[in-house]
Amino acid sequence: MSGLCGWTGYGSGFDANRQLALAMAAPLSRFDGGIVQALTGNTCAVAATSAAGRAQVARAGSVLVALWGSAAIHDGALAAQAAAQGLGRTLAGAWRGSPESACRALAGPFALAMVDCDSGDALLAVDRMGAHALSYRCGDDALVFASNADAIALHPTGRQLQVDRQGIYDYVYFHMVPSPGHVWQGVRRLLPGEMLEYRCGKASVRRYWRMRFDEQAPAAFGQLKERFVSAVRDSVRDASSGCETGAFLSGGTDSSTIAGMLGEATGRPARTYSIGFDAQGYDEMAYARIAARHFGTDHHEYYVTPDDVADAIPEVASAFDQPFGNASAVPAYLCARMARRDGIERLLGGDGGDELFGGNERYAKQRVFDFYARLPAPVRRALLEPALRHFPMGGRFGPVRKARSYVQQARVPMPGRLETYNLLGRYGADTVFEADFLAAADTARPLASLEETWSASEARTLINRMLELDLKITLADNDLPKVAGACQLAGIEVAFPFLDRRVVEFSASLPPSYKLKRLALRWFFKEALRGFLPDEIIAKQKHGFGLPFGVWLGAHHRLRQLAGDSLSDLKGRRIVRPEFIDELLGRHVAEHPGYHGTMVWVLMMLEQWFRQHKAAA
């Protein structure tokens, strides 16, 4: 993994700039020991590092180029030019002609930075799916950038960075800080498919690519199936080339598909890795074993213990440059560590399948709500809703209570309806946060950010609009950082075959009814792979590497002590009300450990992030 960093508009000469660039790059390679490559000018520098050889720097005249990731040029003419002149020189020339075209020519996961030493101009960009992050800070007549904000904090212009209270609020709301926001004031992140141009000391950010759905495409199943299977096979083959590769295997349709095709691509049993939990309702190892037997994989598994979790919590908090509250990062890390110790250099993850092909339960649920919203207003307001309100003893009659809840949720417009069960919303911001902290945050901002992404979609169907929203919020802001951060901590590379350009483009052309057929999730995906995947895998409910933290919290002393100590220290930061923390750890967790344990985890990881990054609230 590793990353890149650099700046323009600041410097004290070549030698001093080189030393600064190397110092900034140190946090990027601290887990995998990648060798840093750096190029400098009088007032600029770029550096890149990757133990897996996935980073490069180049000088093309006055332009310094840093590219991190396994990107390749898919445009025929530019690809030929890159083969003859080098990728860096080709990208520098394309930048001068058309920045958007230069970015669109790249396929695969990447972060790109180009700086002109003469003019001080710069171009930053990340890949279409946001698999590789890139943060930046504009100020003091300089642009500073890095794939990890810990590097930005080491630059002289960033050493006085302050924690952004809006970022903390957004973290507690979403359990991560959604882009383009950041936990540090003045630091921003590029969105998937976004580029930044820096000219004359001013930054301009715009999209060079966005998802465009062909919602009128013909629906010839046989041809679509052939295209789909071919695209996935090609992406797995390309992702598994060049090093010893294994695959995460949860036993779901995505990871099972990749495991099966990895064996085909390598011509030998795929090496697969699974995590289990000795906790009722959380262990999915049985399905992973079904897939492993079906495809004849060289299967490896490990059962996580509460002590494993307690050991991993500080390590995981240190791996992320922002607070990150997705508890699945811990089992993902332990799984990647197991593979790394086994000699695996790269793991393939199944992330993206749900967001491209319609696999999340909320897609079917929102279709039901949308049906009610489409009823004529007079029918809803004059007949159904009054009847439910005035139904005798309706509050005690289960079906009527459910119908009232259904109507209440259905009346909330999208995308706000998706947040009906938001955990912070259930507690209430006034109950959770200190008044002074809350006064400095915009409590409407999280929902407004969802609405901005929702409104920007050009899709006409509900399912595709939800998919596009999830490509940003669920995938780029949450799942990809989770797996990438876990793998980087383990010192192993990760690749996501479903995010290959060919698979993404196929998804955009797939008829909406094939993604969600009535209420059947990812209908096309499952039917296209029927006969390849075991029937039990196709029929199973979605689960994943969920962590039974709440269940273990009450029974395991060390975990309970770690959570209690963390939340006790968090009280002193004047963010969360001490009364709420006491009630959370006392009455709430005792009543429903699985539900309220989520908020304990989110707040514990916030405090752990503060500790690991020596940050003041």
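A pocket, as the word is used here, is an open set of grid points with protein on both sides within 12 Å along at least five of seven lines. Keep that in mind as we look around this model, which is a predicted one.

Let's start with the second largest pocket, which holds about 740 Å³ of space. It has 36 lining residues, and those closest to its centre are Ser70, Ala107, Gly108, Pro109 and Asp500. Several elements give two or more residues to the lining, among them strands β5 (63-69) and β7 (106-107) and helix α7 (221-239). Helix α21 (501-509) is on that list too, and with four residues it provides the largest share of the lining. Sorted by class, the lining of this pocket has 18 nonpolar, eight polar and ten charged residues.

Strand β4 (residues 55-60) runs antiparallel to β5, and six bridges join the two. Together β4 and β5 make a hairpin, with two residues between the strands. In that turn sits glycine 61, which has a positive phi of about 65 degrees.

Now for a pair of helices. The axes of α10 (residues 306-319) and α11 (residues 329-341) come within 10 Å and cross at roughly 95 degrees. So α10 is roughly perpendicular to α11. Where they meet, α10 brings Asp308, Val309, Ala312, Glu315 and Val316, while α11 brings Ala329, Val330, Tyr333 and Leu334. The contact of α10 with α11 has seven nonpolar and two charged residues, with no polar ones.

Technical notes: Residues numbered from 1 in each chain as written. Predicted model: local features only at pLDDT ≥ 70, side-chain atom pairs only at ≥ 80, totals over all residues. Heavy atoms only, no water. Axes fitted to C-alpha atoms, helices over the stretch in contact; angles between N-to-C directions. Parallel < 35°, antiparallel > 145°, perpendicular 65-115°, else oblique. Contact = heavy atoms within 4.5 Å. Nonpolar A, V, L, I, M, F, W, Y, C, P; charged D, E, K, R; others polar. 1 Å grid on protein atoms, 1.4 Å probe; cavity = no way out; pocket = protein on both sides within 12 Å on 5 of 7 lines; lining within 4 Å. Points joined across faces, edges and corners; volume = space filled by probe spheres on them. Pairing = 2+ DSSP bridges.
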